[in-house]
Amino acid sequence: MIALHSQDYKKVTLGLGLGSFLVFCNLYYFQPLLPYFMVKFNATELQVNWLFSSTTLAVAISLLPWAILSEVIGRRPIMRCSLVLIPCINFLMFISPDLHTLILLRALLGIVLAGFIAVAVAYMAEELAPPALLIAVGGYISANTLGGIIGRIYGGVMTDAIGLQWTILTMSLLSFIALLIIFPLILKQHHFIAQQGRLRTHGKQILRHIKTPTLILAMLIGGLNFAVFINVFSVMGFKLSAAPISLPASLLSLMFLCYLSGTLSARLSGRWMHSHSLFSGILLGISISVLGLIIMSVQTIIAIMIGLLVLSAGAFFIHALAYSHIGRSATQGKSTATALYLVIYYSGGSVGGFILIYCWQVGGWWAVLTATGIIHTLMVALVFALRFVSRRTAHDAPSLTTFA
């Protein structure tokens, strides 16, 4: 096993960190450009939302197939395949002539990105010693967040500076250069054991997770949380790009720096669980998110930025609590359980986009606020349901008494 602070540890963590950064840059660099695409293609908010939601939906449906395939051929070949195809698809987007072709290619990109996302942590779990793994996963998640932020800022700033097509081509070139750096850093696996004929086993594990209330309820909470969080940013993009504010894409992309409050709150979630309950933590996160949405109702730039900061803090707090709960509570098939959580998480983000953007299109901010209020009410109901079933099964799973 690779020990903490060894040369191999530094190589692997740097390689996976850069890979994660690259993947999430590619996943999100179109999000601040949705208002730009409305003008470019003379399309509606819902039509251009496909450019973002098709990617997240493709990621969601591709995670489990990639994870299962990696059980047979290994983690490193999957990650390498993903990294090689990223610049190729970006180049196809560079020569894409119309909106529908671009949507199709973005969906294809989502399938490719899911390969890296699905297996990177499994690679670390198999190759790194336990003390090294704890540190490495934290760094990997930080790279996820940083990649998402920088990717969005890159998309907005570069499109204003050099235009959309050259922004896409530059991303293709940068992705190609990055894979040349990353390839030698992701070392050959020495502890991977191929598992043949595991499709049926994984299928049974997935069904078992779905039938386990303490797991599926937490997954649904995570999906609904992401449905609101990620798409409120898209709605605010449409708001801030329209008259009378009319921010350009470069300035619009800076609103994603508000994610940094979520990075802090996610780190605080672990401390919360040492002395408080998961139940109260998720309710606190929902309350913070709702407060952020209410602040945004003032509809000034300052209020919107403060509201997004507060919303990000609440949403990341919920996500960290729900995600960690899955890892702790799944007694079998932990990797399948966490993958299923991500499936529901990204599916929520994709479906939520069409709901909230439709509300924005037909009723403005107050329709969006009403929809998010309904979603948060449903989340509260799911939290109480989770508390109820956790207490009923506490004698079988003592670790779940953290809900008390």
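Predicted model: local features only at pLDDT ≥ 70, side-chain atom pairs only at ≥ 80, totals over all residues.
**Entry 1. Helix α1 against helix α6**

I began with helix α1, residues 7-28, and helix α6, residues 130-162. Their axes lie 7 Å apart, and the packing angle is about 30 degrees. Angles under 35 degrees count as roughly parallel, so α1 is roughly parallel to α6. I noted the crossing of α1 past α6 as right-handed.

I then listed who makes the contact. From α1 I wrote down Tyr 9, Thr 13, Leu 16, Gly 17, Ser 20, Phe 21, Phe 24, Cys 25 and Tyr 28. The α6 side includes Ala 132, Ile 135, Ala 136, Tyr 140, Ala 143 and Asn 144. Further along α6, the contact residues include Leu 146, Gly 147, Gly 148, Ile 150, Gly 151 and Arg 152. Sorted by class, the contact of α1 with α6 has 13 nonpolar, 7 polar and 1 charged residues.

**Entry 2. Helix α11 against helix α13**

Next I looked up α11 (residues 259-275) and α13 (residues 301-329). I recorded an angle of about 40 degrees for this pair, with the axes 7 Å apart. That angle makes α11 oblique to α13. The crossing of α11 and α13 is right-handed.

On the α11 side I found Tyr 259, Ser 261, Gly 262, Thr 263, Ser 265, Ala 266, Leu 268, Ser 269, Trp 272 and Met 273. They meet Leu 309, Ser 312, Ala 313, Phe 316, Phe 317, Ala 320, Leu 321 and Arg 328 of α13. For α11 with α13 the class count is 11 nonpolar, 6 polar and 1 charged residues.

**Entry 3. Helix α3 against helix α4**

For α3 and α4 I noted an angle of about 125 degrees and axes 7 Å apart. Here α3 is oblique to α4 as a result of that angle. The α3 residues in the contact are Trp 66, Ala 67, Leu 69, Ser 70, Glu 71 and Ile 73, and those of α4 are Arg 75, Pro 77, Ile 78 and Cys 81. By class I have 7 nonpolar, 1 polar and 2 charged residues for this contact. Glu 71 and Arg 75 are in that list, and I followed them into the next entry.

**Entry 4. Salt bridges**

How many salt bridges does the structure hold? I found 2. In one of them, Arg 75 pairs with Glu 71, and the closest N and O atoms are 3.7 Å apart. In another, the side chain of Arg 75 meets that of Glu 126, at 2.5 Å from N to O. Glu 126 belongs to helix α5 (residues 99-127) and Arg 75 to helix α4 (residues 75-94), so I logged this pair as a link between distant parts of the chain, 51 residues apart.

Is Arg 75 buried or exposed? Its relative accessible area is 5%, and buried means under 20%, so Arg 75 is buried. Glu 71 is buried as well.

**Entry 5. Ser 53**

I looked up Ser 53 in helix α3, which covers residues 45-73. Ser 53 counts as buried because its relative accessibility is 1%. Which residues is Ser 53 in contact with, leaving aside neighbours within four places in sequence? I found Ser 350, Gly 353 and Phe 354. I also checked Ser 53 against Thr 263, which lies 210 residues away along the chain, and the C-alpha atoms are separated by 23 Å.

**Entry 6. Backbone features**

Most residues other than glycine have a negative phi, and most peptide bonds are trans. I therefore wrote down the exceptions I came across.

The peptide bond from Ala 243 to Pro 244 is cis, with omega near 10 degrees. I placed Pro 244 in the loop between α9 (213-241) and α10 (249-252). Ser 246 lies in the loop between α9 and α10 too. Ser 246 is not a glycine, yet its phi is positive at about 55 degrees. I put Ser 246 down as partly exposed because its relative accessible area is 44%.

His 5 also has a positive phi, near 75 degrees. I found His 5 in the segment before α1. With a relative accessible area of 59%, His 5 is exposed.

Note on methods:
Residues numbered from 1 in each chain as written. Heavy atoms only, no water. Axes fitted to C-alpha atoms, helices over the stretch in contact; angles between N-to-C directions. Helix = DSSP H or I, 4+ residues; strand = E, 2+ residues; numbered from the N terminus. Parallel < 35°, antiparallel > 145°, perpendicular 65-115°, else oblique. Left-handed = near helix turned anticlockwise from the far one by under 90°. Contact = heavy atoms within 4.5 Å. Nonpolar A, V, L, I, M, F, W, Y, C, P; charged D, E, K, R; others polar. Salt bridge = Lys/Arg side-chain N within 4 Å of Asp/Glu carboxyl O. Buried < 20%, exposed > 50% of the residue type's maximum accessible area, 1.4 Å probe, protein only.
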